[in-house]
Amino acid sequence: MNVLVGYATAHGSTRTIAERTATVLRRAGLTAEARPVGEVEDAEAYDAFVLGSAVHGQSWLRPAGDFVRDHRDVLVSRPVWLFSVGMPAALRGPWRRMAPREVPAIERDLPPRLLYRSHRLFSGVVEPSHLSATGRLLFRLVGGRFGDFRDGEAVDAWAAGIAGELRAGV
């Protein structure tokens, strides 16, 4: 089973989550590689896909969105899992409780009829340099915290579940 863990990243968090996912899949005996979606030359070479993107404005980055639109015919015939990387863990109070609403908003922006097994929202790194001056001010006003909010154990557990499904031929 040859698995593409394809990603689009803005500041590197999505890349590290993709690389960690690919490592878990390889440890489970699968062939898996993490690659930026813009560098994938032949989507048909893969038997399964784990695709992810950083989220800006409740949407995937353009390269990831373009990849799923351009390769929809291949994707509908193979198992697909999705992940998004945002900032839910960086938020507090009512804003954090609203974070789960981001997943349906992201999914609405994906191509219609894109079938996938699951979609997981992970938190990434949020640094002041990632936001404009206005963005930093608004982020602080809503109680946002800067830092590294990646949860390696959650990524590992999710990837292990994918590996189990693929090895079982589900």
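User: In this protein, what share of the contacts between residues at least 6 apart in sequence join residues at least 24 apart?

Analyst: In this predicted model, the share is 77%. A pair counts as a contact when heavy atoms lie within 4.5 Å.

User: What makes a residue count as buried, and what percentage of the 170 residues do so?

Analyst: A residue is buried when its relative accessible area is under 20%. By that criterion, 45% of the 170 residues are buried. The accessible surface of the protein is about 8700 Å², with 49% belonging to carbon and sulfur atoms.

User: What makes a space in the protein a cavity or a pocket, and how many cavities of 30 Å³ or more does the structure hold?

Analyst: In a cavity, a 1.4 Å probe fits but cannot get out, whereas a pocket is open. The structure holds one cavity of 30 Å³ or more, and the largest cavity contains about 30 Å³ of space.

User: Which residues line the largest cavity, and how are they classed?

Analyst: The lining consists of Trp60, Gly65, Arg69, Ile106, Asp109, Leu110 and Pro111. Four are nonpolar, one is polar and two are charged. Trp, Ile, Leu and Pro count as nonpolar, Arg and Asp as charged, and Gly as polar.

Methods: Residues numbered from 1 in each chain as written. Predicted model: local features only at pLDDT ≥ 70, side-chain atom pairs only at ≥ 80, totals over all residues. Heavy atoms only, no water. 1 Å grid on protein atoms, 1.4 Å probe; cavity = no way out; pocket = protein on both sides within 12 Å on 5 of 7 lines; lining within 4 Å. Points joined across faces, edges and corners; volume = space filled by probe spheres on them. Buried < 20%, exposed > 50% of the residue type's maximum accessible area, 1.4 Å probe, protein only. Areas by Shrake-Rupley, 256 points an atom, 1.4 Å probe, with all protein chains shown as cover.
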